[in-house]
Number of protein chains: 2
Amino acid sequence: MMSALGQPPAYAPLDQQGLLALAAPHLPGAPESAQEIGDGNLNLVFRVRGGGGSVIVKQALPYLRVVGDAWPLTLDRARIEAEALTVHGGLAPGRVPRLLHHDAALAALVLEDLGDHEVWRRALVAGRDVEGVAAQLGDYCARTLLGTSDVLMPPDERKALALRFSNPELCAITEDLVFTSPYIDSPSNRYDDAAAEAAAELRRDRSLRRAAAMLRFRFRTRAEALVHGDLHSGSVLVAPGDARAFDHEFAFMGPMGFDLGNVLANLALARAAHEVTGNAAFARTIDAVAAEFWDAFVAGVGRLWPPSEPWREPFVAGVLADAGDYAGVEMIRRIVGLAHVADVDELPDGPRLVAQRTALACGRHLLLGGRATAFTDLWTRATREEPYA
Amino acid sequence: MMSALGQPPAYAPLDQQGLLALAAPHLPGAPESAQEIGDGNLNLVFRVRGGGGSVIVKQALPYLRVVGDAWPLTLDRARIEAEALTVHGGLAPGRVPRLLHHDAALAALVLEDLGDHEVWRRALVAGRDVEGVAAQLGDYCARTLLGTSDVLMPPDERKALALRFSNPELCAITEDLVFTSPYIDSPSNRYDDAAAEAAAELRRDRSLRRAAAMLRFRFRTRAEALVHGDLHSGSVLVAPGDARAFDHEFAFMGPMGFDLGNVLANLALARAAHEVTGNAAFARTIDAVAAEFWDAFVAGVGRLWPPSEPWREPFVAGVLADAGDYAGVEMIRRIVGLAHVADVDELPDGPRLVAQRTALACGRHLLLGGRATAFTDLWTRATREEPYA
């Protein structure tokens, strides 16, 4: 659509009319109703129904709103999300929501509505195992990470991809919130009064600050693959036998271990919460889920990458070790940084503090115990530490 | 605007008239004579004199000519060279030739003439130590590598730099000639008949192939700093007390250890040549030159990076270990790959074979002996191995 002056219409937050117009071509009948389902901190997210069907419309807001403040944030992230959905969806068909339309001027996406799915984190919090999703997510990681890396993609294509997915503003958020702020006295940090002493001890730990700084450098510079960039259990929609990664706006050319480590860290946080509330059976289920995820990743690598390649084994070992390091910072920042996880935050006071201190101890062990050498090594460190401080 | 072949429409190889017109504004008087001083395989290089002064004009050719073949090669490398000279020259004043002019359409650079300098490799071959140049080159590496990395540059600026210095075509040459071909039976490989058995044994060495493939992945993906990309002793002009890195067309965002390792490998090759010809005194001089280079790099890092940063020490250790790995592939490819070094090639038959087998053994030890842990460890491996095969 062009304005009278021949310019694309300027960006504006979608009103009811614009929303219905955007959704209409993708519904089986005329649009009937729109309901906002997002939290409005970063994006507007609506479900639009019509003709017995529905779609999701997601529009990027030109700012990020957190704890009372707002700061400008590039609308280019809608393009990043649309293009990452296309690339990842092409490599791992059915493992992301279908992108129906991308409106560049409005920074808006029209997406398949997965209304019968739930966010994986909610299932984990509720102690519900959803059949098959961990294996699908591991396979998704294998396909998307290897498929956008020099392992399977011609290097010039991978380098062209790196240019398209330069995403410095969203990466800067991760660099700050995951790798920097938790290790200094930053105003963005949030933690319970009861965890204040543990947080302070963490900041005094010079070896931990060093490890986090080294890892931040790796996060910033290792352009290995088009990573999702924010693959926690709140970025996965699940139904029995169907896992879908979503919210790809943090996608960039980064280290493979980052996505894998984030999945494992969030499973470990879920496990810690069930352990402290006496749900040992579901804690054991999560052990199996984590192993299922990792095994599927390794099996996917095995299918995609000829075993004759002599560097396959050491390469996968390196990715595992990286995943352990990134899982470490993720576990720590979810306790003392800005963005927490419901798994832990929703616990009653006493168990919550134990789960928090356990997560800090596990994160610390992942970061400082040397590089993980096998999945059991990584997972033991992520889940079997005594509470910290 | 680029044509379908990636050639700006106004591009044509410089004729006498164009050459003088380009040089004129940068000479103290009217241009008088032009002399071609390059080999014409990749670029046209001229010295233009006039009014008692002189300048160098370097024009990229739209193809690369080697062993009888020619293949198209992007003219964008002239832009890369001009911009890298500007960035590196700004960070390390006086350590590169001054860029007087860049003509984008003609893919040509007008450069300060360093006619009183010689190529460092020629001095090393002749057994001449040139005072102060190793320390200056080490300092150049510290300033340019740290200065274009997340250590000293704001990450968003470093990421913007990575976009400007995307250099896939020239990187592909390095990826092929340094990391791939020497380890397979490639038609681009060249070696003496007498070294054929050693080359074949090298190709049968699965652990070496694996190490080279892993290192190629690191070379491709670790966007740490704006590296020179081809920093051998033939890319440095020297005069007493003055070292200048030149030929920046391979510059890209890559691993810091690559530049450092290339310098050290080429010193080690020079050393091997002097050792086999009985010039033990100059071999010991090169030991001192290499240490001077490395010490100056470390001292430069110390001046530029506050010692309070807890990750400085382990970071430098990691760069050293990387340099050892990259030195390993450089030593090997200079014996069995396409591009050799005069230091070894110009030796008489008998000593040449010993130097070649020594270089292969050293390269192998650098790659397979575990990561170097200190400069003496790296340098011992690079210089003290018994001949291979």
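How many residue pairs are in polar contact across the interface of chain B and chain A? The rule finds six, both residues at pLDDT 80 or more, where a polar contact is a pair of N or O atoms within 3.5 Å, one able to donate a hydrogen and the other to accept it, and residues adjacent in sequence count only if both atoms are side-chain atoms. This is a predicted model, in which local features need pLDDT of at least 70 and side-chain atom pairs count only at pLDDT 80 or more, while totals for chains, interfaces and linings use all residues. Residues are numbered from 1 along each chain as its sequence is written, and side-chain values use heavy atoms, without hydrogens and water.

**Interface**
- Chain B and chain A bury about 2700 Å² between them, 66% of it on carbon and sulfur atoms; buried area is the accessible area (1.4 Å probe) lost on being put together, summed over both parts.
- B:Phe217, B:Pro310 and B:Trp311 supply 24% of the area that chain B buries against chain A, more than any other three residues.
- The two chains form two salt bridges (a side-chain nitrogen of Lys or Arg within 4 Å of a carboxyl oxygen of Asp or Glu), including that of B:Lys159 with A:Glu175, whose closest N and O atoms are 2.6 Å apart.
- Helix 8 of chain B gives the most to the side of chain B that touches chain A, with eight residues (helices are DSSP runs of H or I, at least four residues, and strands runs of E, at least two, numbered from the N terminus).

**Sheet in chain A**
- An open sheet of three strands has the order 8-10-11, with antiparallel pairing (two strands pair if DSSP finds at least two bridges between them).
- Four bridges join strand 10 (residues 236–239) to strand 11 of chain A, and A:Ala239 stands opposite A:Asp242 in strand 11.

Conventions. Chains lettered and ligands numbered in written order. Buried area = accessible area lost by both parts, 1.4 Å probe.
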